[in-house]
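Hi there,

Here is the structure I promised to pass on. My notes follow below it.

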Amino acid sequence: MKKLFAKINLPAFLEDVRLRYAAGAMVLLAVVLIVFASFVSPWLGLIMLVTLIVLIGATFFALATITANTNKYISNLAYRIKRGEQEALIKMPVGILIYDDQMNVEWTNPYLAQYFTDADILGRPLSEVDPELSELVAAHQDSTETHSITWGEHEFDMIIQQSIGVVYLMDITRYAEIEARAESERIAIGQVFLDNYDEITQTLNDQTITNLNSYVTNTLSDWARDFGMYIRRISNDRFILIAYVKALRQVEADKFKILDVIREETSKQNYPLTLSVGIAYGDPDLSKIAATSQSNLDLALGRGGDQVVVRAKDEQAKFFGGKTNPMEKRTRVRARMISQAMQELFKQTDKIFVVGHKRPDMDAVGAALGIRRIAQMNGKDCYVVIDPANLHSDVERLMSKVGQDPEIANAILTPDAAQSQATDRSLLVMVDHSKASMTSAPALYQALASRVVIIDHHRRGEEFPENPMLVYIEPYASSTCELITEMLEYQPSNAASVDKLEATAMLAGITVDTKSFSLRTGTRTFDAASYLRSVGADGLLAQNLLKESVDNYIQKNHLIDTVEMISQNMALCIGEADKTYDPVIAAQAADTLLTLSGIDASFVISRRSDGKVGISARSLGDINVQVIMEKLGGGGHLSNAATQVEGKSIAEVKDMLLTAIDDTAEEE
């Protein structure tokens, strides 16, 4: 009835009632006039009476006609509404399925019936009629929201009314295809950089350089044409790339094999070039896409080059390549430029705070002491921020030596003390790390987040300070101490040089990260060590600082005793589930495994004192352990990486590690 009344023309109905009342009033007035006229003249009264009767008859006839028409209209309207509901239920382009409490199909409208391969479906269980649809209904029947699903070869919007057992399905395949086409035709902008072009071409003659340029340009042009992309050289070592997202998807599926092609072919001609690529898409503003592509290129270079970083707006970055050790691309010119840039920053600050990563090792502490000396050479107050409650045994021995030197000891602050002294003109120098989540003074970082300098030798990760004032990341360097040692050589000559203890700490930092100069060393590493020895570094003291305790040695051997081969050339050690291990011991165990025959990569899983499960990963360079650790939330170098997993058991972390190793092998 509500629907019926809703369809009635209310103004017309009210007008009809008004006319009825008006007619009654007119009849009453006419009777009064006839009575009055009868007293004046009987004939006049008779004439008026006849006229009144005719009018009343006409009025009642008109009212009867109106009533009949109204009833007919209402009856016709009710029929049309009912018929429309029935036709819509049967013919509208929305599938309707009614099921009972046992999920048996009770009824479907003809529109939905066409999507079933079997015509005889009534009374049968939905799981038997169509298992795929049955699973979709079961997965969403507790929700009253609209869900986009894929059923067979079609896309649907599905709504379920569980209370009455009805499923509504609207086919949106056409619109999904339009959306997918629009998505695939979005613009992606990329920047391609030849990592070591300047270093290689400076020793080549003009003809060889011309041939190299022609090869690289032709190879990249052919590659872009094969995938329907546009690429253009804009400088000697840089290209601009423009593509549709659908072409980018094809290149991703191809794993950017162009990296391997360029590297391998140029290596055969004794001038190995590597590429770094940053690609971005997903923003309607092309200028923002271009800026993000540059940021992605910086990330690729910060991770050592020879790789691709692809990132869409508001999505995680995807990495391709990075299979080779980073080549030496830094020069003494850059070390001098960074040193000069730091001096300029020091002039604009009142205090300098140097912080390492959580549970700092000798490289982090030695680098911090080196930065403090550089600041002093430039007449600035500098403080090394160290949490004394969370130190390695070798750093504890160093701190005991520092305590005997009042000048250095007075410059050592706890994180709380440093934060209380920081001002809006202070500068924070992060050494041996670039992730805010890894810093040992997070509150101090938050206070000085807009005034940060980063000096690190690890590959840059996706997590990175937003706007650092200066960044010096060199994945080729053996250690952060090596980078800072080179910077010491470009400080004012009239200032007090680095003292014996600081030089020894920095030499110990290099020794730790190179495993006594056996891994990740280059000519610059030995140059830095030579400089430190020349200014007073004590090799014997460095060895004493790095000595293992008997307990640590026993724990390390206990871990090694659990070794198992998880593949032909990968070894895994697992600590006891109810026992905690020092991360340094786990790292040392992983390093020791690499000295054994037939092992190219090693992993050590152990419970840490903070309750997390840590993984130390090492390799000889053929296996990229950094990529494996990144899948588990960690990072590091191609041959030296780690991660920590929270809320998982040792066994669960082992399964996660094996899955990550398998996934990496499949991707490669």
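Met 430 sits in strand E15 (residues 427-431); strands are DSSP runs of E with at least two residues, helices runs of H or I with at least four, both numbered from the N terminus. Met 430 is buried, at a relative accessible area of 0% (buried means under 20%, with a 1.4 Å probe and protein chains only). Leaving out residues up to four places away in sequence, Met 430 touches, among others, Val 355, Tyr 445 and Pro 465 (contact means heavy atoms within 4.5 Å). Ile 455 is also on that list: 25 residues from Met 430 in sequence, yet 6.2 Å away in space, C-alpha to C-alpha.

A word on the source: this is a predicted model, where local features need pLDDT of at least 70 and side-chain atom pairs 80 or more, while totals for chains, interfaces and linings use all residues. Residues are numbered from 1 along each chain as its sequence is written, and side-chain values use heavy atoms, without hydrogens and water.

Next, helix H15 (residues 393-402), whose buried residues are Asp 394, Val 395, Leu 398, Met 399 and Val 402. They span an arc of only 140° around the axis, so they lie on the same side of H15 (the arc is taken over directions from the helix axis to the C-beta atoms). Their cover includes helix H14 (362-377) and helix H20 (500-513).

Lastly, H23 (residues 550-560) and H24 (residues 583-593) pack at about 55°, axes 9 Å apart (axes are lines fitted to C-alpha atoms over the stretch in contact, with angles from 0 to 180 degrees between N-to-C directions).

Best wishes

Definitions and conventions: Buried means under 20% relative accessible area, exposed over 50%, partly exposed in between (1.4 Å probe, protein chains only).
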